[in-house]
Amino acid sequence: MTDDTGPASEMTADLETIVSLAKRRGFVFPSAEIYGGFAASYDYGPLGVEMRRNIRESWWRWMVQGRDDVVGIEAAIISNPRIWVASGHVENFTDPLVECTNCQARLRADHVEENTCPSCGAVGKFTDPRKFNMMLSTIVGPVADESGRAFLRPETAQGMFVNFDNVQTAMRKRLPFGIAQIGKSFRNEITVKQFIFRTREFEQMEMEYFCHPEQSMELHTYWKKERLRWHYSLGIRPQHLRLRDHRPEELSHYSRGTSDVEVHYPWGWGELEGIAHRGDYDLTQHSEHSGKKLTYFDPDTNQHLVPHVIEPAVGVDRVLLTLLFDAYAEEVVEGEKRVVLRLAPAIAPVTVAVLPLSKKIEPKAREVYDALRPHFRAQYDDSQSIGRRYRRQDEIGTPLCVTVDFETENDGAVTIRERDSMQQIRVPLAGLVAAIRERLDALTPRVPSHDEISI
Ligand code: ATP
């Protein structure tokens, strides 16, 4: 699974299909669309917001609440600019920028294929690459001069390093332990395309796992597997995923080794998550620049040491895009096209839709809806024919629909319809919550153990 030509399987949908579904159904809108948009900025609509919450929630449970050795923080987006000098971002966080001398388009050198300008088609008309720093900056305070220059963080990671000592002391953590954070990051990306895959404002979920240097290689392997397990838990199909080790020339300035979890997007393999071995780079740098010792006292050996760090880092937006691609399917049912998003129940924006067969039975249907709302992300939908409502729920990935019909008053039962099999079963209202739980469990992806994953 680690070679460049790893197993691939085509995604069903192309980018255009996903962009159009995302807008039509209220997942993602172009930002400021009424003003003509704003390059690479997107606004999340009602369903996108629910999905993002579910993705964050799943990650937080997996990485923090489900473990004893990881705790969370939320650090400031704009903080002391010395952080970014110490971390190396002021000096090294650059992409190679080339300009087409024919049309003046500015492009990332490593994104130019066959020396051809994607804007005007000119061949070999590029300037030599120069370093372009990707940090976005602003001026903080009332005086608009360089003394107030500060950066919008380009990664959440540094918030964990500068708080290493605070967290360790407050929480009395012993190695190995991790600090996790979810939050927005900003990068002045040169090339922005492919929808929400690469934007200038995005959200990251990162964890810094501090450990004894001699344990670090083993823990790097552990986290690669553990992170793959999380992606499987979201239902991403294994044939769309692979792990790829960075080549030496690709490694970031801080990295001793990085593996990417890659996805087979319609435009080729692309990074979904990076799992880096950052060594002692960050703690050492911050110690030197701040003058504050960032070491760990090992009570077993009575010695101070600088822990090494393993960092899994993934973007909320990229996970959302990946899930839309991976879950999308088109089928022909009774001569008609059915579009279905096979999202895992934990991720789907709506888990159960309550559909009255006719508006006449609204009171009973509302009663059922009210009974389900405390337990599930439920939606009430009574517009248009029942067939169209099923199709609409299929298209937004709702795993189960509960249909309330004219018989419900008499037999005290409703029909559960499953998104994937389209099977319908009659269930008594008395046991409805348990019956829904059981079906959602059955639709929840099975996660392989570490032993079952070979990397
Ligand atoms: P790339 O090579 O694609 O520019 P990177 O290697 O610089 O990405 P990291 O610094 O490893 O990315 O960031 C960790 C994760 O954050 C990425 O795997 C991705 O999921 C997300 N991410 C990074 N940059 C962006 C961006 N511009 N837009 C959306 N998500 C991003």
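This is a predicted model: local features need pLDDT of at least 70, side-chain atom pairs count only at pLDDT 80 or more; totals for chains, interfaces and linings use all residues.
I count two residues as in contact if their C-beta atoms, placed from the backbone, lie within 7 Å. I take helices (H or I, at least four residues) and strands (E, at least two) as DSSP runs, numbered from the N terminus. Residues are numbered from 1 along each chain as its sequence is written.

**Entry 1, the whole protein.** I looked up the elements and found 13 helices and 23 strands. The radius of gyration, taken over C-alpha atoms, is 25 Å, close to the 23 Å that the globule rule (2.2 Å times the number of residues to the power 0.38) gives for 455 residues, so the protein is as compact as a globular protein of that length. Along its principal axes, the C-alpha trace spans about 75 × 65 × 50 Å. I call a residue buried if 20 or more other C-beta atoms lie within 10 Å of its own, exposed if 12 or fewer, and partly exposed in between, with C-beta atoms placed from the backbone; buried residues make up 36% of the 455.

I checked the length of α7 (residues 216–233): its 18 residues, at 1.5 Å for each residue but one, should span 26 Å, and the end C-alpha atoms are 25 Å apart, which agrees. The buried residues of this helix are S216, H220, W223, K224, R227, L228, W230 and H231. Seen down the axis of α7, they fall within an arc of 155° (taken from the directions from the helix axis to the C-beta atoms), so they line one face of the helix. I then looked for what these buried residues pack against, and found α2 (46–65), β10 (201–211), β11 (241–245), β12 (257–265), β13 and β16 (308–315). Just after α7, G235 takes a positive phi of about 95°.

I275 lies in strand β13 (residues 268–279), and it counts as buried because it has 24 C-beta neighbours inside 10 Å. Leaving aside neighbours within four places in sequence, I275 is in contact with W223, K224, R227, T258, S259 and P312. T258 is 17 residues from I275 in sequence, yet their C-alpha atoms are 5.5 Å apart.

I traced an open sheet with the order β20-β19-β21-β22-β23 and mixed pairing, where two strands pair if DSSP finds at least two bridges between them. β20 (378–380) and β23 (424–428) stand at the edges, each with a single partner strand, so one side of each is left without a neighbour in the sheet. Strand β19 (residues 352–356) runs parallel to β20, and three bridges join them; V354 has Y380 in β20 as its bridge partner. Helix α10 (residues 362–372) lies across β19, β20, β21 (400–404) and β22 (413–418), at about 170° to β19; for such angles, axes are lines fitted to C-alpha atoms, for helices over the stretch in contact, and the values run from 0 to 180 degrees between N-to-C directions.

Most residues other than glycine have a negative phi, and most peptide bonds are trans. I noted E114, with a positive phi near 50°, in the loop between β5 (106–108) and β6 (130–133). N115 has a positive phi near 60° and counts as exposed, with 11 C-beta neighbours inside 10 Å. A cis peptide bond joins L175 and P176, with omega about -5°.
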